[in-house]
Amino acid sequence: MTSAAPESSPDRPLHPGSEAPRRLRVVHGRDGVDLPAAERAVADLLRALGKDPATEHLTDTPRRVAESLTELITPREFDLTTFPNDEGYDELVLARDIPVASLCEHHMLPFRGVAHVGYLPGPRLLGLSKLARVVELFARDLQVQERLTTQVAGWLQEHLAPKGVGVVIEAEHQCMSLRGVQATGSRTVTSAVHGLIREDARSRQEFFTLARGF
């Protein structure tokens, strides 16, 4: 679970005319990791795979693996910084090629790629770096790409209150490229759209054209 928590009203979207704060503190709201238990589990896994965690090369591996996995599933807290849309800007704002790295929840192998995130502004504009922060907020977890895409789009629609949101994610999954079918270089593309980007054909076409980069 994740939450956006202003001091006075948790999970309040930034609606027109409201006195919403300009900075919304975003915390991931997940339970902490039990590192000692994770280290023991990795050591047990090594033994189950026929490896001896007491050898010189593997003696510190359980700690390293536990810390690495903890980092990969723990997003950083951040402030969702917004600014008044004083000029009434109503055209698409799009950030392309935001790096995405997550862990497949089925095999716990990484999938990596890029996200293209756009929105049609409402009463407030979002600090551009925060689009990447929101992607990381949901990517640092055990994930499937389809859910990650819809979570990013839905969260922005709820908390930014724009006229529309669009998200496209392109990623290569190591559970496909390193094992099984071993389809190296194959990329999975997912999308999610809300508001005018979903309902208005011209806005939808503009978003997907810009997201593709041509």
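User: Which residue of strand 7 stands opposite Cys 104?

Analyst: Gln 143 does. Before we go on, note that this is a predicted model, in which local features need pLDDT of at least 70 and side-chain atom pairs count only at pLDDT 80 or more, while totals for chains, interfaces and linings use all residues. Residues are numbered from 1 along each chain as its sequence is written, and side-chain values use heavy atoms, with hydrogens and water left out.

User: How many helices and strands does the protein chain have?

Analyst: Helices (H or I, at least four residues) and strands (E, at least two) are DSSP runs, numbered from the N terminus. On that basis the protein chain has seven helices and nine strands.

User: In what order do the five strands of the open sheet lie?

Analyst: Pairing comes first: two strands pair if DSSP finds at least two bridges between them. Here the order is 7-4-5-8-9, with mixed pairing. Strand 7 (142-143) and strand 9 (188-195) are the edges, each pairing on one side only.

User: In which sense do strand 4 and strand 7 pair, parallel or antiparallel?

Analyst: Parallel, over two bridges. Moving across the sheet, strand 4 runs antiparallel to strand 5, and nine bridges join them; Ala 101 has Arg 112 of strand 5 as its bridge partner. These two strands form a hairpin with five residues between them, and Met 108 in the turn has a positive phi of about 55 degrees. Strand 5 then pairs with strand 8 in the antiparallel sense over ten bridges, where Val 117 stands opposite Val 167. Finally, eight bridges join strand 8 (residues 164-173) to strand 9, again antiparallel, and Gly 166 stands opposite Val 193 there.

User: Which helix packs on the sheet?

Analyst: Packing is read from contacts, meaning heavy atoms within 4.5 Å. Helix 4 (residues 145-160) touches strand 4 (93-104), strand 5 (110-120), strand 7, strand 8 and strand 9. For its orientation, axes are lines fitted to C-alpha atoms, for helices over the stretch in contact, and angles run from 0 to 180 degrees between N-to-C directions. The direction of helix 4 makes about 155 degrees with that of strand 8.

User: Which residues touch the most other members of the largest nonpolar core?

Analyst: In soluble globular proteins, nonpolar side chains tend to be buried together. A nonpolar core is a set of buried Ala, Val, Leu, Ile, Met, Phe, Trp, Tyr and Cys residues joined through side-chain atoms within 4.5 Å. Of the 32 residues in the largest one, Leu 80, Val 117, Val 134, Leu 148, Val 152, Trp 155 and Leu 156 touch the most other members. Not counting residues up to four places away in sequence, the contacts of Leu 156 include Val 117, Leu 126, Leu 131 and Val 134. A second, separate core of eight residues includes Leu 120, Phe 207, Phe 208 and Ala 211.

User: Which residues of helix 7 are buried?

Analyst: Ser 203, Phe 207, Phe 208 and Ala 211 are. Their arc, taken from the directions from the helix axis to the C-beta atoms, is only 125 degrees, which puts them on the same side of helix 7. Ala 201, Arg 202 and Gln 205 are exposed on the other side. The buried residues of helix 7 pack against strand 4, strand 5, strand 8, strand 9 and helix 6 (196-199). Just after helix 7, Gly 213 takes a positive phi of about 85 degrees.

User: Why does Leu 94 count as partly exposed?

Analyst: Because its relative accessibility is 23%. Leu 94 lies in strand 4, and its contacts beyond four places in sequence include Phe 207, Leu 210 and Ala 211. The C-alpha atoms of Leu 94 and Ala 211 are separated by 7.7 Å, although these residues are 117 residues apart along the chain.

Note on methods:
Buried < 20%, exposed > 50% of the residue type's maximum accessible area, 1.4 Å probe, protein only.
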